[in-house]
Amino acid sequence: MIDAVLFYAFAALALGSALVVVGQRNPLYSAFALIVTLVSLSAIFALLGSPFIAVLQLVVYAGAIMVLFLFVLMLLNVKPEGDPPAGKGVLRTAAFLLVAVLVAEVGTVLWRATARVPPVFDASPRRVAHLLFSPQYVYVFEATSILILAALVGAVALARKET
Amino acid sequence: MTPLMEELLIAVVKVLVIFSVLLTLFSLMTYAERRLLAFMQFRLGPNRTGPYGILQPVADGIKLFFKEEVVPEGANRWIFVAAPGVALVTAFLAIAVVPYGGPVTVFGREVSLQIADPDVGVLFIFAVSSLGVYGIVMAGWAANNKYALIGGLRSAAQMFSYELSLGLSWVGVILLAGSFRLPDIVEAQAGGFWRWNWIQQIVAFLVYTVAATAEVNRTPFDLPEAETELVAGFHTEYSSMRFALLQMAEYVNMITVAALGTNLFLGGWLAPFTSLQSLGGIDLGLLWFAAKMLSVLFFFIWLRGTLPRFRYDQLMQFGWKVLVPVAVLNILVTAAVVVLLAGSEPEAEPVAPTEVGLRSPVLLAGPAGALG
């Protein structure tokens, strides 16, 4: 019972703040709303019995990535968007068409979906580690870490060129 | 009562008790800090309100309550008002998973002495403390004041830099305990003070002490509030209760860091000698925990009375070029020792990739294998 209440509360919060992300003209408020979305998603992960995934969501997205977004927005003092330029009838029609397609797609998915409790899965740190370091994933995992290291070195090299 | 209601009731009681203990501890800390600093500097400190000035926090509270709340001209009102709340919420969230003692039995029920006990406790604290930056950045930016902005930026940069070594310093402890759960980590240190992690993990302990001091912006790492350069840093423009909330967030963070350090490195609620754990059948765990945590808090105040402030470039150099490498080295050595002592393969659980994970691991593993 209480799980359901919490789920709907966080789902509503996630959806509401996601709408603000898209609808808000001020990019700074959009960024804050996106943080709220990510935190609510993390709460939903925790409700589904995966505290590990929930915590990763907080550390990586809500913590690290969004702070960078905010820094850029605050330091560059990005101004709120003005009104869209008038007389772009083609663009507007295209936008409406695309939105209609999207609504139709979401509608069909929701129509076909049957309400069911998601299967319980074990995403504890131990389990995830066993999977990551199993022969099936370990090469991908290590390759990713090499990729990230290369990106890191590249970023440092680019930043040094400036000075 | 249904079991669910019982659970809820226990949770509510725990939250209320810990909340009020924290508030009391916060106000006592403001008093203790001023008095102790004064003694260290051959002054008297606040001694007018009540016996020995012990009512000073109450007087401060009343004063702050009745002051005018100022929102500066040109400030972003929404963010300015929200910032103290964000700072306080993240501060209190982190302390929710810190245990204060072993499980106790109340009315025939076993109750653990912490609000929540997720099996990723340590990681949760890491995640929430990475959200703690927002409160400070928001406060610094929204005030539309250059000192506040610079203070907020310094604070954010410092928290990023030292959060990394803070997290890395925990890894050695986690490796030794083999668990992210804080009660497990404490229990792994059982058997007298020579088994506590601060000896086995002395390097990690030192890194933690330095990084934690920096993380809560205490002297000698209090550059975000360097009053000679920045007025008061990110809370320059705050007054009245909003200022009090920001202040409270800082102290709660400090208490969290002290409580966490006690659990990770100083054996939590364990007595230095196992014979001292209980007296006449009464478990003294809470007392030991309080004694250790208060000593850590005293250590923070002592540091402030002793050390001068770092320069900003020294702070960054030290964080990135000394602390992080040392912490990584500590992890390498600890991991090697743990593996060597364990000897054989760690217990292998059957892996069934079809349950969780990607649909076709072969497709992904192919190119990666070629790379490797």
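These legends go with a set of close-up views of a predicted model.

Residue numbers start from 1 along each chain as its sequence is written, while chains are lettered from A and ligands numbered from 1 in the order in which they are written. Since the model is predicted, local features need pLDDT of at least 70 and side-chain atom pairs count only at pLDDT 80 or more, whereas totals for chains, interfaces and linings use all residues.

**View 1. The two domains of chain A.**
Chain A is assigned domain 1 (1–81) and domain 2 (124–163); such bounds come from an automatic or database domain assignment. Between the C-alpha centres of domain 1 of chain A and domain 2 of chain A there are 25 Å.

**View 2. Chain B as a whole.**
Chain B has 13 helices and 4 strands, where helices (H or I, at least four residues) and strands (E, at least two) are DSSP runs, numbered from the N terminus. Chain B has 372 residues, and 41% of them count as buried. Here a residue is buried if 20 or more other C-beta atoms lie within 10 Å of its own, exposed if 12 or fewer, and partly exposed in between, with C-beta atoms placed from the backbone. Take the contacts in chain B with a separation of 6 or more: 77% of them come from residues 24 or more positions apart. Two residues are in contact if their C-beta atoms, placed from the backbone, lie within 7 Å.

**View 3. Helix α3 of chain B alongside helix α10 of chain B.**
The axes of α3(B) (residues 77–95) and α10(B) (residues 240–265) come within 8 Å and cross at roughly 20°. That angle makes α3(B) roughly parallel to α10(B). For reference, axes are lines fitted to C-alpha atoms, for helices over the stretch in contact, and angles run from 0 to 180 degrees between N-to-C directions. Angles under 35 degrees count as roughly parallel, over 145 as roughly antiparallel, 65 to 115 as roughly perpendicular and the rest as oblique. The crossing of α3(B) past α10(B) is left-handed, meaning that the near helix is turned anticlockwise from the far one by less than a right angle; clockwise would be right-handed. On the α3(B) side, look for contact residues including B:Pro84, B:Leu88 and B:Phe92, and on the α10(B) side for residues including B:Arg242, B:Met248 and B:Val252. By type, the residues of this contact split into 14 nonpolar, 2 polar and 1 charged. Ala, Val, Leu, Ile, Met, Phe, Trp, Tyr, Cys and Pro count as nonpolar, Asp, Glu, Lys and Arg as charged, and the others, Gly among them, as polar.

**View 4. B:Ala259 in helix α10 of chain B.**
B:Ala259 sits in helix α10 of chain B and counts as buried, with 24 C-beta neighbours inside 10 Å. Setting aside neighbours within four places in sequence, B:Ala259 is in contact with B:Ile95, B:Val98 and B:Met293. B:Ala290 is 31 residues from B:Ala259 along the chain, and their C-alpha atoms are separated by 8.7 Å.

**View 5. Helix α1 of chain B across helix α11 of chain B.**
Here α1(B) packs on α11(B) (residues 285–306) at an angle of about 45°, with the axes 10 Å apart. The two helices, α1(B) and α11(B), are therefore oblique to each other, and α1(B) passes α11(B) in a right-handed crossing. Among the contact residues are B:Met29, B:Leu36 and B:Met40 of α1(B), plus B:Leu297 and B:Ile301 of α11(B). The tally for this contact is 7 nonpolar, 1 polar and 2 charged.

B:Tyr31 is buried, with 20 other C-beta atoms within 10 Å, and B:Arg35 is buried with 20 other C-beta atoms within 10 Å. Not counting residues up to four places away in sequence, B:Tyr31 touches B:Ile54, B:Gln56 and B:Pro57, while B:Arg35 touches B:Gly45, B:Pro46 and B:Gly53. C-alpha to C-alpha, B:Tyr31 and B:Pro57 are 6.2 Å apart, and B:Arg35 and B:Gly45 are 5.0 Å apart.

Most residues other than glycine have a negative phi. B:Phe42, not a glycine, has a positive phi of about 55°, and B:Tyr52, also not a glycine, has a positive phi of about 55°. B:Phe42 lies in the loop between α1 and α2 (56–66) of chain B, and B:Tyr52 is in the loop between α1 and α2 of chain B too. B:Phe42 counts as exposed, with 6 C-beta neighbours inside 10 Å, whereas B:Tyr52 is partly exposed, with 13 other C-beta atoms within 10 Å.
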